[in-house]
Amino acid sequence: MMGVSVDSAKSDAVPLWCRKVSKWHGNFLGLNDLSLELRPGITALLGSNGSGKSTLMNLISGQLFPDSGSIHVFGIDPWTWQGKQLVGYSPDLDYFYPSWSIKDFLARMACLAGIESKRVPSLLNEILSVVGLLSVQTTLLRRCSLGMRQRAKIAHAILMDPPLLILDEPFRGIDPVGRRDLVQLLLQFQTLGKTILVSSHELEEIEKLTDQVVMLRSGRVVSAGPVSRARDRLLNKPVEIALEIQANEKIRLLAQSVLSNSEVLGVRLLEGEKHVLMVLTRKPELVFSHLVMISIENNFLIRRLEVVDEAPAEVMESLFEG
Amino acid sequence: MGDEIAVIRCRNLTRKFGSKTVLNNVSFEVSQGIIGLLGPNGAGKSTLIKLILGLDIPTSGDISLFGKTKVELGKIGFMPEAKAIIPSMKGFEFVAFAGELEGLKRKDALRRSHEILDCLSMGEARFRKLGEYSTGMIQKVKLAQALVHDPDLLILDEPTAGLDPPARNQMLDYLSYFARQQGKSIVLSTHLLGDVQAVCDQVVVLNFGVCLASCSLEKLVGNKADSYLIEVAGNQIDAIVALGERCVGSQDMGGFTKVFVQCDSSLGINNIASKILAAGGVIKKFVPLEGNLDDVFFALLDKQRLVAN
Amino acid sequence: MSVPSLNSFLEYRPWRGLRNPVWMGAFAITRESLKLIFTRKVFWVVFSLAVLNFLLYFFGQYLFFWVADQQPDGLVRVGGFGRANQNDMLQFLRSVLKMDGSPETFRNFINLQSRGIIVLLVLAGASLLGEDLNQGSLIFYQSKSGGMSNYIGGKFLAASFLVHLFATIPALFLFLEICFIDTWTYLLYHPRLLLGIIGYGFVINLGLVSLLFATVGFFRSTIGLIMCWAGVFFLLPSLCAIMIDRLKLNPAFRVLDFWYCVERLGEKCLGASPTLHPSQTDHSLNPWLAAASLSFVFMVSSILTIRIYFKKGVES
């Protein structure tokens, strides 16, 4: 039976909709009352090891059943076969038969998925060219590099052309070239209107993919949405602006005049460096112009002016730590 | 840096396995510091590492460490990429064991083991069995076993693989500590270009067995001193108009605009800033456009491919 | 770049102390491998069986000499069960159990003990050697100063220690026991026996350990090792039995039977007479052929070991 949810009219259009989902692993609480809604596009799922990322992904791909709460993928429970058709899943570890070639692997998976055998060759060609494995399709999986394996797993995930893709650690251990190709592949999927949930420890790659993040900790969502919002919500602390000028002995004078601004909470100089001024404030947008003005008035040559921990990767890092 | 003895010097290094050339005429020279060894799969990195460790013999060419062609025992510490641990051993025992293999006396090895694990802030975990360790702890123990005999050259193969961001930053901190404050030389082989950009002084780029670049990171990545990225909010259009031809490109980010600015002298920058302010723009960010290792790396690979065709 | 957030004031300290010679590392490897084996349950099971066997022989000897020393009134008290004929008992101990301090005693004892060694090496051999190959730990040993020769040396010592712990050392104890309860003239009359025990120990040592190195290198897992050793220790003997007893082929075909060769050589070391079924005529293999067969196995195993462990080149 397909789960008919109370607000199914609403959740029909939502790629992924979780409400109050909990999952126990024996005595260990994997997910704790988790509610989440995904929008189309790429969303990153972040969290340290053991925070419940893989559990969540297994639940969404219908391999686990939640102990409480409900999950809907386009309004359908992913535990049912109708639901499973809508989700493509690429696991974090390799569960391959190493002696098969990429093509064998995909052909057998296609048979298992119930695709007509007539359609399989053309479908495989199409999918292999999408993931860029067409020229190496006969390589045995045990001889494949990590990058090729990841792409084989993604090819497997998109066999049924699902609108929702769940990718667990697709960047782990891949070399830079494979990494770049994978980022491009995922961005390409995004333009096709797919919804992608991707987990990774490598924040640089996530930064290239998206600024929509879901942060998990101890099985709970600590933030969902754009990185900047996560920052504002979670790190309730003033930001620091780095003002780099051309080395100048009078930097202390500059520091004094910066302090005259009432929005500035503090100023510090980096040890041993005569050209960087760190300005602490809660309202960077108000302080920026003032800083530029002061520098110009006093003939300090600006080299650089930015909020230091604003880059998504940095924000996410501090969320990991904080 | 330049006047010291080269830590590693390779001259026309070639290694063939049958008809397959894994390293082709590789020559480079690096000095003390953290050396990033970059390259995609099959670039010949692991073969190069084996040659440096003296586990393999080059088909032709030679390699010298600290100015000597013969690899001196106990001068090198190696942290393998594979798990390479004995699961039933306790953390500190394993490190001491590595020390004994390098010829330390049992007592010295145990003392060194504890010292280094202290240094890497491994607390009570050292008394647990390695089989129960998390990835981060295993990486630390592997770093410790490479350091236990106090080598001058550390060769680290993917030390940050599989680590979450805090653990990874910690590992990078340790590396820069050992290189900058303890004077060790570190060869860092990694797929994560971000790691290299964060800590390395020098970079060696390999692809298909050919050395594409070997120089300091700054030189490779470069610093385009005359280009700036300015993020402007407020009265964006007026600000861009006010910049005139100084503005070489702009990108509307919704709410603010990224403006790329070219200016010849540093005096001009303040001019530009004041122009933007005068036009009612609000400056959100003002950074010199630095080269990105990613871009440079892929440019190198692309160039090689073009030349080959 | 952030400032290194090193814990504490415990700074790294350089170290420039005196070092042991590089080959000493092999002993560390031996020690750690033995620790590894001692933590395995299978070791203690096999070890306790071996100890029981040792005690059987120990007290069997004792009984033999005690019975022989009794008043020759023909009857010996056996606990509460009554009395047994002294001559019958001596006869039984001498010819059936062969617990009379003769070369056959030691041959039987060592043969039995080496069954235990085989079981132990088969079940624990993979954790002694195979896991390093599987987990890619070899590079850890390779990159150390001593390199692979230390590794092979250390592991060889560890496996050899196990062999001697089970076979040679208890056999020497038995020998010593007889010296004490008989007379020290026993030593004078049987100097060959003492050397024979040690010689047999080393034959088993070389044979089994070299076989272990080569097979572990190939199969790496316990299951593979069990299959292979089952072939060597069950299939080959049966094959030889069929060829020689049924098909009446030349008895020299027994060279194919690795374990028979080891035992035959041991027999020769101890100077014991071959065991025969009552119906059999003496078809024992020429000890020189046995030695040749064994050295062949040893050489092939060594070559394989060197090829597996000292392989240079690209991985995967």
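In this predicted model, helix H4 (residues 102-112) and helix H6 (residues 146-157) of chain A have axes that come within 10 Å and cross at roughly 20 degrees. Helices here are DSSP runs of H or I with at least four residues, and strands are runs of E with at least two, numbered from the N terminus. Axes are lines fitted to C-alpha atoms, for helices over the stretch in contact, and angles run from 0 to 180 degrees between N-to-C directions. H4(A) and H6(A) are therefore roughly parallel to each other (angles under 35 degrees count as such). Their crossing is right-handed, a term used when the near helix is turned clockwise from the far one by less than a right angle. H4(A) contributes Ile102(A), Phe105(A), Leu106(A) and Met109(A) to the contact, and H6(A) contributes Ala152(A), Ala155(A) and His156(A); two residues are in contact if their C-beta atoms, placed from the backbone, lie within 7 Å. Six residues of this contact are nonpolar, one is polar and none is charged. In this division Ala, Val, Leu, Ile, Met, Phe, Trp, Tyr, Cys and Pro count as nonpolar, Asp, Glu, Lys and Arg as charged, and the others, Gly among them, as polar.

Chain A as a whole has twelve helices and 13 strands. Of its 322 residues, 42% are buried (20 or more other C-beta atoms within 10 Å of the residue's own, with C-beta atoms placed from the backbone).

Chain B contains an open sheet of three strands in the order E2-E1-E4, with antiparallel pairing; two strands pair if DSSP finds at least two bridges between them. Strands E2 (20-30) and E4 (60-65) of chain B stand at the edges with a single partner strand each, so one side of each is left without a neighbour in the sheet. Neighbouring strands are turned by 20 degrees against each other on average, direction ignored. Strand E1 (residues 8-17) of chain B pairs with E4(B) over five bridges, and Ile8(B) has Leu65(B) as its bridge partner in E4(B). Helix H1 (residues 45-53) of chain B packs on the sheet and touches E1, E2 and E4 of chain B.

The contact between the chains takes 31 residues from chain A and 31 residues from chain B. On the side of chain A that touches chain B, H11(A) supplies the largest share, seven residues. That side divides into twelve nonpolar, eight polar and eleven charged residues.

Residues are numbered from 1 along each chain as its sequence is written, and chains are lettered from A and ligands numbered from 1 in the order in which they are written. Local features need pLDDT of at least 70 and side-chain atom pairs count only at pLDDT 80 or more, whereas totals for chains, interfaces and linings use all residues.

Methods
Angles under 35 degrees count as roughly parallel, over 145 as roughly antiparallel, 65 to 115 as roughly perpendicular and the rest as oblique. A residue is buried if 20 or more other C-beta atoms lie within 10 Å of its own, exposed if 12 or fewer, and partly exposed in between; C-beta atoms are placed from the backbone.
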